[in-house]
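The following exercises concern the packing of secondary-structure elements and the surroundings of selected side chains. Please work through each solution with the model in view.

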Amino acid sequence: MIKREKRRYLALEVVNEQPLNEQTVLDTVQSSVHRLFGEYGASKANLKLIKYTPEKRQFVIRCSHKELEHVRAAIASTTTINGKTGAIHVLGVSGTLKALSKKTTNI
């Protein structure tokens, strides 16, 4: 019997001066994971953008539950976004989107 992959959802907030689109944000997180853990680590993380709210500069990404700590480390090490200085903060982590929205009422 094949088990399905467990996932974790991360609510994140971007601290940056310039306006961003969702592809830029996802590329920034993916490049941080790739920089720290290489191509193999980035493929195991299985990142996907779920939701992006540009006016609040918040977004939700999904990753593999086994790679959660690697993804959090990569997000914490992000210092530039689209060539400008900026940071990404983790607001909350959960196994379901419903529980994540309860934890972080802003999303």
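**Exercise 1.** Determine how helix 1 and helix 2 pack.

*Solution.* Helix 1 (residues 22-45) and helix 2 (residues 68-76) pack with their axes 8 Å apart, at an angle of about 160°. Helix 1 is therefore roughly antiparallel to helix 2, a term for angles over 145 degrees. The crossing of the two helices is right-handed. From helix 1, Val 29, Ser 32, Val 33, Leu 36, Phe 37 and Ala 45 meet His 70, Val 71, Ala 73, Ala 74 and Ile 75 of helix 2, contact being heavy atoms within 4.5 Å. By class, the residues of this contact are nine nonpolar, two polar and no charged.

The model is predicted: local features need pLDDT of at least 70, side-chain atom pairs count only at pLDDT 80 or more, and totals for chains, interfaces and linings use all residues. Residues are numbered from 1 along each chain as its sequence is written, and side-chain values use heavy atoms, leaving out hydrogens and water.

**Exercise 2.** Characterise the one aromatic pair of the structure.

*Solution.* The partners are Tyr 52 and Phe 59, 6.1 Å centre to centre with 65° between the planes. Their arrangement is edge-to-face (ring centres within 6.5 Å, planes over 60 degrees apart). Both Tyr 52 and Phe 59 are buried (under 20% relative accessible area).

**Exercise 3.** Describe the surroundings of Arg 62.

*Solution.* Arg 62 belongs to strand 3 (residues 58-64). Its relative accessible area is 14%, so Arg 62 is buried. Not counting residues up to four places away in sequence, Arg 62 touches Arg 7, Arg 8, Tyr 9, Asn 46, Leu 47, Lys 48 and Ile 50. Leu 97, 35 residues apart from Arg 62 in sequence, is 9.6 Å apart in space, C-alpha to C-alpha.

Methods: Axes fitted to C-alpha atoms, helices over the stretch in contact; angles between N-to-C directions. Helix = DSSP H or I, 4+ residues; strand = E, 2+ residues; numbered from the N terminus. Parallel < 35°, antiparallel > 145°, perpendicular 65-115°, else oblique. Left-handed = near helix turned anticlockwise from the far one by under 90°. Nonpolar A, V, L, I, M, F, W, Y, C, P; charged D, E, K, R; others polar. Phe/Tyr/Trp six-rings, centres within 6.5 Å; stacked < 30°, edge-to-face > 60°. Buried < 20%, exposed > 50% of the residue type's maximum accessible area, 1.4 Å probe, protein only.
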